[in-house]
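Here is a short report on a two-chain model. Read it with the structure open.

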Amino acid sequence: MSRSSRLSVTETQRKSTPVVKKAVIRSRSYDGDAFVNLFAHRGARDIMILDSHGVPLRSTCSQRRTFVFVSNLKPLLFMARNVVRDLDPSNDITFMRIRSNMGEIHMTLGTDFILIVVQKLRRLRSSSTS
Amino acid sequence: MSKIYLKAMEDVVQRNTDNTNRITEQAQGFVVSENAGDSLLHTSFDLTTAQSIVKHLHASFLKLAQSCVRDLDTDDKLCFLRVKTRKHEFLVSPEEAFTVTVVL
């Protein structure tokens, strides 16, 4: 996780997010690095930013890992959009959260970008289905 | 097969009426479907809405989410799924034999 990568993430974040998101970011910190550091402190392991077509733009993890995540999550994201559209044509998806035994994946689907935050749990949690 | 599930489902519904009422107080409704045949077991919605939720969310989207989590890490397993939209929020909980979806 290089420093320039973190800065790039914040720059892209500031450029592409709407005003409301900017306010949210500012309420945490004015420093871009602190934003990423706060995420890491709260358990976020990786942050990826994709454009609306699913092409990864910035990431805090390696290129290979980013590719693995994006290639798996991209069909899920687009199917989620289609499913919500099928259930109610006037509705639209804004956020999705996948909870598994070892971690969580949070996906924010904006109009201009897609933000993916991968979060790992502290301890292994036994599943109720195991 | 479905009759066994149906009978067991009726027993569970009888025992958990308080929980069901508590869920419906805070949510718009819930849908319970069987995993094997993706058939509707119990719901508080009307039949059309429940069938569409089972068809879209449980039958196709949940299966894709489970396979996606499995692809990322073979030891991992999907516990819970939340889909937040502008109007509602779908909370999907896949269990061994049943899948429960609560719509907030």
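## An enclosed strand

Strand 4 of chain A (residues 103-109) is largely enclosed by the rest of the structure, because 7 of its 7 residues are buried. Buried means under 20% relative accessible area, exposed over 50%, and partly exposed in between (1.4 Å probe, protein chains only). Helices (H or I, at least four residues) and strands (E, at least two) are DSSP runs, numbered from the N terminus.

In a regular strand, side chains alternate between the two faces of the sheet. Here both faces are covered. On one side A:Gly103, A:Ile105, A:Met107 and A:Leu109 are buried; on the other, A:Glu104, A:His106 and A:Thr108 are buried.

## Basis of the model

This is a predicted model: local features need pLDDT of at least 70, side-chain atom pairs count only at pLDDT 80 or more, and totals for chains, interfaces and linings use all residues. Residues are numbered from 1 along each chain as its sequence is written, chains are lettered from A and ligands numbered from 1 in the order in which they are written, and side-chain values use heavy atoms, with hydrogens and water left out.

## Strand pairing

Strand 4 of chain A pairs with strand 3 of chain A in the antiparallel sense, over 5 bridges. Pairing requires at least two DSSP bridges between two strands. A:Phe95 has A:Thr108 as its bridge partner in strand 4. A hairpin of 2 residues joins the two strands.

## The interface

Contact (heavy atoms within 4.5 Å) links 31 residues of chain B with 32 of chain A. The two chains bury about 2700 Å² between them, 64% of it on carbon and sulfur atoms. Buried area is the accessible area (1.4 Å probe) that two parts lose on being put together, summed over both.

The rule finds 1 salt bridge across the interface. A salt bridge puts a side-chain nitrogen of Lys or Arg within 4 Å of a carboxyl oxygen of Asp or Glu. B:Lys87 and A:Asp88 form it, at 3.7 Å, N to O. On the side of chain B that touches chain A, helix 3 (47-72), strand 3 (78-85) and strand 4 (89-94) of chain B each give two or more residues. Helix 3 of chain B gives the largest share, 12 residues.

## A histidine in helix 3

B:His56 sits in helix 3 of chain B. Its relative accessible area is 16%, so B:His56 is buried. Not counting residues up to four places away in sequence, B:His56 touches A:Val83, A:Asp86, A:Leu87 and B:Phe61.
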